[in-house]
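This report describes one protein model and the ligand placed in it.

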Amino acid sequence: STGDHVAALVIGSGYGGAVTALRLTQAGIATAVVEMGMAWNTAGSNGKIFCDMLEPDQRSYWLRTTTDQPLGYFLGINVNKSITRYTGVLDSEKFAGIRVYQGRGVGGGSLVNGGMAVVPRRDYFAEILPSVDVASMYDTYFPRANAGLGVNAIDTAWFETASCYRYARVSRDQARASGYSTTFLNNVYDFGYMKQELAGTVTRSALASEVIYGNNYGKRSLDKTYLAAAAATGRLSITAQHVVTAVAPNSAGGYTVTMNQIDTAGATVTTKTVRADRVFFAAGSIGTSKLLVAMRAQGALPNLPSAVGQGWGNNGNVMVARAQHLWNTTGALEAGMPAMGIDNWADPAGPVFAEIAPFPAGTELWISLYLAITKNPNRAQFSYNSSTGAVELSWQTAQNQPAVNAAKRVFDTINKAQVTVYRSDLFGVNKVWGDDFTYHPLGGCILNQATDNYGRLPGYPGLYVMDGSLIPGSTGVNPFVTITALAERNIEKIISTDLT
Ligand code: FDA
């Protein structure tokens, strides 16, 4: 509450924030986490915490009156529906040229994501973050992240026969027959639990069309891993439904952090200020970049470097779907957690790493869906609009054309070999490419450019950046393992150098 003085305040409870909270509390430091989303620990009207993808209700979206599904159309018809405005778990944040999907709640993106836990290629990691010692990442911090996250591998023999992965096997076999290699993907969803779901011995979650609006069972989201471990130290407090709006130096030392407590309709209930000796920005690529760019422009943190707000990218995301022949059924039951990817990253003409994505509609659709990660070199900047008070992102939809081109090479080849066609009715009317949204916002506060080599903000001792904003727009794979491992590396250094 107002007037409080805390040793460490963490803004946001996603991957960067959860790692920070655990390592600080383990080091004996009382830590306050402030999260704008809900705690997601109470069952709703249907007896479950989260709603599923077939019947999205108010719990699905962050402060919207209609759903905004990534695949918003079917047969060219808009399938979004009206919902009550509520602090739901998935935000589709709209900028001029892109919608950015993000998790809102204690656990951040871990509540809504596909759980795919992929370590980036070593040579590509060295390319994107050249100031980081690569050996220590692969020897120490990636293994530490995987352990902390509860990453597990699928039973590959079970995968071959499980009806819920028929969609993935069909896509895999066609990719291979078209000259591409595929790879299994680790996940934080408990594959042992999923096996029991298929066997009918436990309540279904991944097999009940639960994923982007939360999983009621089976998922090792951060509230069950890093944040639970931090809470067990007795030194953690988490304050949900509080939006941090300002951070500025406090004349008594440390920083004044201003926040709005909000109700479930998003209205401000009260405004609070606390003093923190140290503030860790972990509001995600978008949240951290927006806050820092606004603080610099408004004069609260005027000396932040010009690199703050630069270098944002969408991890080259583009989605696409193919129509299967009637004899190639993809299955009425699709596991919501992807387990396989097409790996064409080594192709210098257009690196693509494409996750074989589920379309968990609960009925046979003959659709193969993919989320392609490409090496799109385009980047964007955040800027403060002084007349509206909003922070804008310069990304234009056309900047995603390199991603479309790279994905098109792969899927044109597969379509030709399999004599299949694209679905053009799922992302709009006559629109093949889902090129105007991303699940993987990265950058805006790049390591060793906007911060020092460990996330310290220059000129402001005690201010740190800990999340996906440190990564320069691309990791070549799904990003949360990279974000987690980098946070593990940085917080270890910060604790040993700045806090003892
Ligand atoms: P993250 O977004 O997780 O956390 C930031 C937190 O800060 C949020 O909880 C937010 O509410 C809070 N916050 C923001 N501003 C605030 C403020 N001003 N005050 C208080 N709190 C504030 N990745 C992957 O590796 N494998 C996968 O399978 C998937 N799948 C996937 C699916 C979907 C639908 C989405 C949306 C995303 C994914 N991702 C993914 C991406 C992954 O979830 C994402 O990269 C990470 O969650 C980013 O971690 P961060 O710690 O950077 O921020």
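## Ligand surroundings

A polar side-chain atom of Arg-104 lies 3.2 Å from an oxygen atom of the ligand. The model is a predicted one, in which local features need pLDDT of at least 70, side-chain atom pairs count only at pLDDT 80 or more, and totals for chains, interfaces and linings use all residues. Residues are numbered from 1 along each chain as its sequence is written, and side-chain values use heavy atoms, with hydrogens and water left out.

A backbone N or O atom of Gly-468 lies 2.9 Å from an oxygen atom of the ligand, and a backbone N or O atom of Met-36 is 3.1 Å from a ligand nitrogen atom.

## Nonpolar cores

A nonpolar core is here a set of buried Ala, Val, Leu, Ile, Met, Phe, Trp, Tyr and Cys residues joined through side-chain atoms within 4.5 Å. Buried means under 20% relative accessible area, exposed over 50%, and partly exposed in between, with a 1.4 Å probe and protein chains only. In soluble globular proteins, nonpolar side chains tend to be buried together.

The largest core has 93 residues, and Val-279 and Phe-281 touch the most other members. Helix α10 (residues 480–498) gives the most to this core, with 9 residues. A second, separate core of 64 residues includes Cys-164, Ala-168, Met-194 and Ala-407. Helices and strands are DSSP runs numbered from the N terminus (helices H or I, at least four residues; strands E, at least two). Leaving out residues up to four places away in sequence, Val-279 touches Leu-9, Ile-11, Val-247, Tyr-255, Val-257, Gly-462, Leu-463 and Tyr-464; contact means heavy atoms within 4.5 Å.

Helix α9 covers residues 401–418, 18 residues in number. The buried residues of α9 are Ala-403, Val-404, Ala-406, Ala-407, Val-410, Phe-411, Ile-414, Asn-415 and Gln-418. Among the elements that cover them are α5 (166–177), β12 (318–323), β13 (340–344) and β18 (421–422).

Helix α5 has 12 residues and reaches 16 Å from its first C-alpha to its last, close to the 16 Å expected. Its buried residues include Tyr-167, Ala-168, Arg-169 and Arg-172. Gly-179, with a positive phi near 100 degrees, follows α5.

Most residues other than glycine have a negative phi, and most peptide bonds are trans. Leu-63 has a positive phi of about 50 degrees although it is not a glycine; Leu-63 sits in the loop between β2 (31–34) and β3 (73–74). Val-419, also not a glycine, has a positive phi of about 55 degrees. Val-419 is in the loop between α9 and β18 and counts as exposed because its relative accessibility is 62%.

Asn-376 lies in the loop between β15 and β16 (382–385) and, at 3% relative accessibility, counts as buried. The side chain of Asn-376 makes a polar contact with the side chain of Asn-400 at 3.1 Å. A polar contact is a pair of N or O atoms within 3.5 Å; within protein, one must be able to donate a hydrogen and the other to accept it, and residues adjacent in sequence count only if both atoms are side-chain atoms. A polar atom of the Asn-376 side chain also lies 2.9 Å from the backbone nitrogen of Asn-378.

Ser-289, in helix α8 (residues 284–298), has 0% relative accessibility and so counts as buried. Ala-206 is in the loop between α6 (191–199) and α7 (226–232), and likewise counts as buried at 0% relative accessibility. Leaving aside neighbours within four places in sequence, the contacts of Ala-206 include Tyr-189, Met-194, Glu-334 and Met-337.

Terms used. Expected span 1.5 Å × (residues − 1).
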